[in-house]
Amino acid sequence: MSKKQSYLKSPDLLPISEKDRKITPIGYSFMWIGMVVVLATFAIGGAGVISLPLPLVLLATIIGSLAIGFFISLTGDIGIEHGLSFPVYMRAPFGTVGTHIPSVVRGLAASMWFGINTYFGATAMNGILSILAGFDNWFVCFLLFAILQLFNTALGIKAVERFADLAAPIIILISCWMYVSLSDTASAGGREVWSWVENPVTGGAAFTAFLVVIFSNMGFWATLSADIPSISRFIKAPKNEKNWLKRNKHALIGNLIALPLTQAFMVVIGGVAYIAVMNYDPVIALQEAASGFVLGILLLMIVLAQWSTNISANIVPAATIFSNVGGPRFPFWAGVVTAGIVGTIVQPWNLFGVIIPVLLFIGGILSAIVGILVADYYLIRKRRVNVPDLYESNGQYKYMYGVNVAGFIAWIAGAVSSYFVPSYSFLVGFVVGAVCYYLLAKYWWFVKYKQAEIEDPSDEKYLGLSVGRDWVIDDVAVDSSLDTPVTDDPSVTT
C-alpha cells in the first residue's frame with residue numbers, strides 16, 4: 001500500500017518552535033529599514049507635495065505608519081504565539097480549501113511588487129554599471145538582480161535577516177546623503193523644500209489630500225499586515241509570557257519605531273526629489289542631481305534597499321503561500337521560483353503609472369482580510385487555536401467542503417465597500433470585514449460548525465508560546481488510494 005504525506009502538512013508550513021526563532025529585535029528593525037525603501041514610498045511623497053507642504057505630508061505619513069504598525073502588531077501575534085504562517089492560519093476563517101483563494105490574491109500581489117521593486121533596483125544597477133563600465137541594458141540587470149534575490153531568499157529566513165543586517169546601516173547613511181544632495185538641487189532651483197507646493201489646496205480639499213497620504217501609507221503595508229505571521233513566527237519571543245505587550249515587545253520595536261521613522265524619512269526623500277526635478281523617482285532625480293562616483297554610491301542604496309525589501313516583504317510571503325497551495329511536494333524554494341516567474345511575466349516596467357490607485361485598491365481588499373483575521377483571532381477565538389486541526393483535512397476547519405462561507409461573505413463585503421471610498425479604503429475595508437465576519441461567524445457559522453477552542457476556551461489546550469508550548473504536528477502517512485490517515489491524529493507537546 002503506497003503512502004503519501006497529507007497535502008496540508010508541507011514541512012515549510014509546520015509551526016515554528018521557540019528554539020528555532022532566530023530573528024532578533026535589531027534584526028527585525030533592520031528588515032523594516034530595508035523594506036521601506038521602495039518606489040511606492042517615494043511616490044507617496046512625490047504625490048503629496050503636489051497639494052500639500054512637506055511638513056503636512058510628513059505628519060500624515062507618521063500617523064498612517066503608526067496606525068498600520070498597530071494593525072501589523074495585532075496580526076503578528078498569530079505567528080509569535082503559535083508559530084503559524086499566514087496561509088496556515090487562514091484555514092481557520094476561510095477553511096482548509098478556501099484559504100487558497102485569498103492567500104493566492106496576496107501571493108500574486110506580493111509577486112507583482114517583487115517585479116516592480118526588482119525593476120526599480122535594476123534601473124539603479126544599470127546606472128552604476130553605466131558609470132563603471134559603460135554597460136547599458138536594464139533588462140539584463142533586471143534578470144541578474146531577480147536571480148540574486150531569489151537565491152538569497154531560498155537560503156532561508158536567517159539569510160534574509162543577515163542581508164538586512166548588512167544593508168540597513170548602509171541604507172541609513174546613504175539615504176541621509178541622498179536627502180542633502182536633492183535638497184541642494186531644489187535650493188539651487190529656488191524651491192525651499194519645507195514650504196514649496198506645486199498646486200496648494202485649502203479647506204476640505206486639503207483635508208482630503210491629507211487623508212489620502214495617511215491611507216496611501218496604510219494601504220501600502222496592508223499587504224504585509226495580512227501576512228506578517230509568515231515573518232513574525234521567526235521573531236524571538238519569551239516563553240510563558242501572557243502579557244501581550246511583553247510577549248510582542250521585540251516586534252513592536254520594529255512595527256512602531258523602525259517602520260514609522262524610516263517610512264517618514266523615505267516619503268520626505270520622495271517629496272524632495274519631486275521638488276528638486278519634478279520626478280519622485282530618486283533614480284531619475286539623482287541622475288540629474290549628481291554624477292560620477294557620488295551618483296554610483298547613491299544608486300547603490302537603491303539596489304540594496306530593493307533587495308532587502310523584496311526578500312522580506314514580498315518573496316518570503318509569496319513563497320510561503322505558493323508552498324501552501326502546492327502541498328508537501330512543492331517546497332519553499334519552489335515557491336520562491338514561482339514568485340520570481342510571476343513577478344517577471346506581469347511586465348512590472350509598465351505598472352509605475354498606477355501605483356497610488358493600486359495601493360488604495362489593493363489596500364482595501366486586503367484590509368478586509370486583516371479585519372477578518374483580527375476578529376477571528378482576538379474576538380471569537382480569543383487567541384486560542386486548535387492548531388493540530390489546521391493540518392487535518394477532516395478536522396474542525398473542513399467546514400463545508402473545506403470552505404468557511406462566513407469568511408468569504410465578510411471578505412467580499414469589506415472589499416466592495418472599500419472600493420467605493422478609495423480615500424478611506426483601508427479603514428472601511430477593515431471595519432466592514434471585521435464586523436461582518438464577527439456577526440456571521442459567531443451567530444451563524446460557528447453555531448453550525450462547532451469550534452473546540454470556542455466551546456472550551458482552555459489556555460492549556462489551545463494557547464502556544466504564552467503557556468510554554470511548542471506545537472508539534474506529527475507526520476501523517478496517507479493511503480494514496482483512499483486518501484485516509486494511516487496513523488494517529490497530530491499530537492501536541494509542551
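**View 1. G364 and the residues it touches.** Leaving aside residues up to four places away in sequence, G364 touches G414, A415, S418, S425 and G429; contact here means heavy atoms within 4.5 Å. This is a predicted model, in which local features need pLDDT of at least 70 and side-chain atom pairs count only at pLDDT 80 or more, while totals for chains, interfaces and linings use all residues. Residues are numbered from 1 along each chain as its sequence is written, and side-chain values use heavy atoms, with hydrogens and water left out. You will find G364 in helix α16, residues 355-380 (helices are DSSP runs of H or I with at least four residues, numbered from the N terminus). Is G364 buried or exposed? G364 counts as buried because its relative accessibility is 0% (buried means under 20% relative accessible area, exposed over 50%, and partly exposed in between, with a 1.4 Å probe and protein chains only). G219 is 145 residues apart from G364 along the chain, yet their C-alpha atoms are separated by 6.9 Å.

**View 2. Helices α18 and α19 side by side.** Helix α18 (residues 405-419) and helix α19 (residues 425-448) have axes that come within 8 Å and cross at roughly 155°. That angle makes α18 roughly antiparallel to α19 (angles under 35 degrees count as roughly parallel, over 145 as roughly antiparallel, 65 to 115 as roughly perpendicular and the rest as oblique). The axes are lines fitted to C-alpha atoms over the stretch in contact, and angles run from 0 to 180 degrees between N-to-C directions. Among the residues that meet are G414 and S418 in α18, and S425 and G429 in α19. By class, this contact of α18 with α19 has 13 nonpolar, seven polar and no charged residues (Ala, Val, Leu, Ile, Met, Phe, Trp, Tyr, Cys and Pro count as nonpolar, Asp, Glu, Lys and Arg as charged, and the others, Gly among them, as polar).

**View 3. Helices α8 and α12 side by side.** Here helix α8 (residues 157-188) packs with helix α12 (residues 249-277) at an angle of about 30°, and their axes are 8 Å apart. With that angle, α8 is roughly parallel to α12. On the α8 side, the contact includes I171, Y179 and L182, and on the α12 side it includes F265, V268 and V272. Sorted by class, the contact of α8 with α12 has 15 nonpolar, three polar and no charged residues.

**View 4. T153 in helix α7.** T153 is found in helix α7, residues 138-154. Its relative accessible area is 0%, so T153 is buried. Which backbone oxygen does the side chain of T153 reach? That of Q149, at 2.9 Å. Not counting residues up to four places away in sequence, T153 also touches V160, I311, I315, V316, F332 and V336.

**View 5. S111 in helix α6.** The place of S111 is helix α6, residues 100-133. S111 counts as buried, at 1% relative accessibility. Beyond residues up to four places away in sequence, S111 touches A318, F322, A339, V342 and G343.

View 6. N240 is not a glycine, yet N240 has a positive phi of about 55°. N240 sits in the loop between α10 (229-232) and α11 (244-247), and N240 is exposed, with a relative accessible area of 54%. R383, also a residue other than glycine, has a positive phi near 70°. R383 lies in the loop between α16 and α17 (387-390) and is buried, with a relative accessible area of 15%.

Definitions and conventions: Helix = DSSP H or I, 4+ residues; strand = E, 2+ residues; numbered from the N terminus. Polar contact = N/O pair within 3.5 Å; in protein donor to acceptor, adjacent residues only side chain to side chain.
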